[in-house]
Amino acid sequence: MEKIKIILDINGLPQEVEISSNDTLLEVLRDQLDLTGSKESCGEGACGSCTIHMDGKPVRSCLTLALEAEGTKIKTVEGLADGDRLTDLQQSFIDHGAVQCGFCTPGMLMSADALLKDNPKPDKARIKKALAGNICRCTGYTKIIQAVAHAGNPRNDCPDCQHQNKQKE
Amino acid sequence: MSEYSLIGKRMPRVDSRAKVMGKAKFTADLKLPGLLVGKVKRSPYAHARILSIDTSKAASLPGVKAVVTGDDTEGIKWGVFGYTRDQQFIQTEKVRYIGDEVAGVAAVDEETALKALDLIQVEYEELPAVYEPMEAMASETERIHEDFPNNINIHVNIDTGNVDENFEKAYYIREDTFTAPEESYFQAEPYTVVANFDHEDCLEVWCPNGGPHMKSKPLSNAFKIPLHKVKIKKISIGGAFGGRSEICPADYICALLAKKTNKPVRIQFTREENTIGTRQGHAMITTHKTGVDKEGRVLARETTCYMDGGAYSSTGPIATSVPFLSMEQVYRMDSVRYNGYRIYTNKPIRGMIRTHGRGFAAGLDTQLDMIADHLGIDPIEIRLRNVRKPGEYTSTKSLVGSCAMDETIHTAVKRSGWKEKYGQLPPFHGIGIGTNSVQTGFPMGIRGGSQSFIKFNEDGEAFVMSGVVDNGQGNDNMLVQIAAEELGLLPEDIHLVSADTETTSSDPGSYSQVSTFVGGQAVQIAAKKCRKKLFDVAAKILKVEPETLNAENRMIFVKDNPEKSVSIKKAVRVSLLNFTSVNAEGGYWPKVDMKREWVKNPYGQMCEAFSFGTTIVEVKVDPETGQVEVLNATACQDVGKALNPLVLEGQFEGSVAMGGQGGMLTEYHDWKDGRCLNSTMLDYKLPLACDMPDIHCDIVESIEPKGPYGAKEAGMSIAMSAAQAYAGAVCNAIGVYMDSFPLTPDKIIAAIKEKQSCSEK
């Protein structure tokens with residue numbers, strides 16, 4: 001198949017890639033740009049493991065053609081932290097034990113990050129709805145929901161918010 | 001104040017930082033120079049004889065680097081036990097299920113590899129196939145495996161004696177049959193393997209596994225190369241739940257392709273392949289006949305279970321036994337007879353799964369509720385009269401040490417408000433309880449023990465080496481936590497080298513719930529030896545007796561006078577200057593009855609500890625749609641000692657999701673002529689965030705004397721009891737005792753309608 005050269009804006013950097021018209025964004029991210037944080041679990045848009053941001057909105061990169069990403073701003077899990085400095089959401093996932101096997105974590109973080117940008121203090125029902133497209137087989141979701149609710153909003157009554165509280169001090 | 005600095009604390013996991021940054025590498029993320037794409041050619045028939053395989057067209061396709069068939073193999077058959085070796089990694093004579101491996105290809109890219117698969121021409125002679133265990137046993141057509149009459153793969157018979165006599169003494173006897181179809185693991189990570197032969201002709205393999213040493217041995221057998229030539233490497237693993245314990249034929253096919261091409265090869269399963277080409281949970285038909293006295297105490301029980309094992313043995317003898325074992329551990333029975341049959345069918349292979357025997361267990365507790373109902377006894381009371389007490393022996397003669405079964409029931413009853421709710425909820429609301437017990441390990445012969453090595457660096461930090469693997473449950477953190485606790489270091493001072501067959505010693509693997517008990521204990525023993533060496537040096541420096549010392553926060557200090565101290569770094573350096581290493585090894589082997597064997601002799605000490613769990617669930621059923629809304633769940637387990645409550649709660653919550661929410665409400669496979677109709681995530685209904693109830697976790701600590709810090713199995717008693725509690729709650733809500741699981745809306749509506757029509761009559 002004929003290859004096309006395009007420039008993608010990934011995590012704030014321009015990246016020139018040579019793609020086929022049927023390459024998915026996930027394939028280009030993982031295979032060409034070595035951004036393997038985004039995962040393929042189902043390959044059919046059911047599980048959310050490949051969720052990335054396109055112009056700030058969470059999208060499934062396994063169902064998005066790389067061509068569609070041209071001219072948009074793409075952010076992947078690798079673009080969340082500022083160098084070694086984690087976002088409140090990432091730290092909250094660690095502190096609340098929201099990560100078990102970690103395979104769904106990147107997609108889960110991207111969905112939750114988009115939610116928090118929209119609504120910094122979402123209630124539990126809103127969080128559950130925002131994460132309904134991300135399947136986690138390990139956690140039963142309880143700690144993920146808690147981590148999202150407490151990200152940037154540490155609670156005094158939560159034993160697992162201590163680390164965030166300390167950072168704020 | 002706690003006597004420990006880290007044990008018992010809510011410690012965030014050491015592996016989670018890399019995971020939230022997208023840095024953690026899983027097998028599919030690996031890139032090696034010259035990496036080829038491997039694919040497996042699978043059988044389209046459920047049962048057929050292979051007449052010929054022509055690979056010439058595929059091999060000559062540009063971009064194809066190798067094609068392998070059974071002719072390229074040493075012809076060795078795989079089986080977990082000597083008497084279950086029935087599976088070739090690539091079939092040569094027959095295929096036995098839709099998906100059975102017949103060939104493999106390696107090519108420069110996926111597109112070429114897929115084209116090559118289509119060009120492999122296999123001529124088959126189709127044979128009559130059997131898809132259900134009862135049908136398979138009665139079948140007079142060609143057996144699936146020649147040596148197994150009636151397609152019976154495994155028969156486990158346990159009889160404690162006096163069963164018939166005790167049935168005669170019983171005041172009330174019930175016999176009920178319960179069924180549940182197959183379920184699947186649906187690990188987040190689809191199965192992927194990368195294989196490479198290095199410059200010394202050593203086979204390197206990266207893949208999800210439930211124990212690296214359980215992968216290296218069959219590969220060494222299959223290639224007829226020594227164990228030291230097989231290096232299973234550590235890599236992040238995206239979940240296992242029992243489904244990644246054994247060798248996978250793709251491991252071998254990938255390695256064979258790597259050998260033939262002299263290049264690294266990756267085989268990455270599609271989601272459909274992950275479902276049909278790895279393992280599944282067994283479908284089961286279970287009949288429990290239970291005789292009780294007037295007070296509801298079980299005098300006699302006879303259980304017969306037919307398990308659909310699929311095409312090959314897998315962990316058959318274990319799988320046929322475990323549902324019974326969980327029953328005999330949690331419930332006392334004066335006498336019991338068990339006949340478990342694992343039947344070959346022309347369906348994918350079945351192995352162990354986290355809630356292995358969901359229909360068996362949920363049936364048992366449903367029947368207990370029926371008996372309680374008949375006798376006018378409260379469901380809690382009948383359980384309290386029958387559950388295990390510490391110091392007793394199970395029916396098959398395992399001594400039960402620590403056991404706080406009663407306490408888990410009392411705690412869960414109180415937390416859930418059972419007494420205020422049971423029998424007093426509005427129509428179509430219900431509450432149910434499940435109680436279960438899981439073994440901390442199986443007798444595993446020479447693979448039963450784990451060994452650890454610890455070596456100190458001159459900067460006072462340490463390497464900890466252990467064969468324990470982390471499938472996602474937090475084993476890496478557990479090992480670091482134990483080592484840091486014993487050595488007086490901070491978690492960041494420990495570098496863990498684990499789950500690698502080149503650098504770590506044999507270990508039973510993580511699939512028998514034994515990682516903390518055996519592997520963690522080995523690290524604890526090694527760390528204690530290192531600490532003793534450090535204390536001997538520090539005692540000389542501080543001019544005190546070693547017994548007066550303690551270590552914490554990188555310092556060794558006098559307990560009564562913490563100011564008097566020396567850094568661990570200094571102690572290490574002084575030791576080295578005095579010609580003494582600060583390394584140590586530790587090993588732990590559980591004292592089980594080595595004569596116990598799953599089929600030939602299923603009696604004797606099974607393992608050193610058992611966990612006990614209670615789950616209570618409250619539900620609301622919509623009688624129009626049959627939909628179940630779960631209002632809340634209470635999970636309470638006796639874990640011996642909670643090493644890390646943060647991680648433990650995660651296990652409880654995940655167990656409720658898989659065992660209860662998915663296992664009892666939505667998860668099952670649909671079939672047509674041996675073909676799985678719902679193998680993908682769109683079709684198989686996994687619990688989502690919006691489905692889950694609030695879960696209350698209560699931890700009970702009985703302090704197991706043989707476990708590290710008192711710990712034993714943690715989490716699986718919840719997965720099993722959650723299945724039972726979900727079933728109980730739905731039955732309670734609709735006023736019908738259900739015998740077919742999971743409890744999907746169609747079954748619920750049918751049961752409600754039937755009840756209504758009966759009451760109208």
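In which loop of chain B is the place of Phe579(B)? Phe579(B) sits in the loop between α16 (568-577) and β25 (584-588) of chain B, where helices (H or I, at least four residues) and strands (E, at least two) are DSSP runs numbered from the N terminus. The views below come from a predicted model, in which local features need pLDDT of at least 70 and side-chain atom pairs count only at pLDDT 80 or more, while totals for chains, interfaces and linings use all residues. Residues are numbered from 1 along each chain as its sequence is written, and chains are lettered from A and ligands numbered from 1 in the order in which they are written.

View 1. Most residues other than glycine have a negative phi, and most peptide bonds are trans. Phe579(B), however, has a positive phi near 60 degrees, and it is exposed, with 6 other C-beta atoms within 10 Å (exposed means 12 or fewer other C-beta atoms within 10 Å of a residue's own, buried 20 or more, and partly exposed in between, with C-beta atoms placed from the backbone). Asp201(B), in the loop between β11 (192-197) and β12 (203-206), likewise has a positive phi, of about 60 degrees, and counts as exposed because it has 9 C-beta neighbours inside 10 Å. The peptide bond from Phe741(B) to Pro742(B) is cis, with omega near -5 degrees, and Pro742(B) lies in the loop between α18 and α19 (745-760).

**View 2. Strand β7 of chain B and its partners.** All seven of the seven residues of β7(B) (residues 101-107) are buried, so the strand is largely enclosed by the rest of the structure. Strands count as paired if DSSP finds at least two bridges between them; β1(B) (residues 36-42) runs antiparallel to β7(B) with six bridges, and β3(B) (residues 64-69) does so with five. Val40(B) has Gly104(B) as its bridge partner, whereas Thr69(B) stands opposite Ala103(B).

**View 3. The surroundings of Ile253(B) in the largest nonpolar core.** This core has 279 residues, and Ile253(B), Ala483(B) and Val730(B) have the most contacts inside it; a nonpolar core is a set of buried Ala, Val, Leu, Ile, Met, Phe, Trp, Tyr and Cys residues joined through C-beta atoms within 7 Å. Helix α18 (residues 716-734) of chain B contributes the largest share, 14 residues. Beyond its neighbours within four places in sequence, Ile253(B) is in contact with residues including Val40(B), Val68(B), Gly104(B) and Ile267(B), contact meaning C-beta atoms, placed from the backbone, within 7 Å.

Technical notes:
Contact = placed C-beta atoms within 7 Å.
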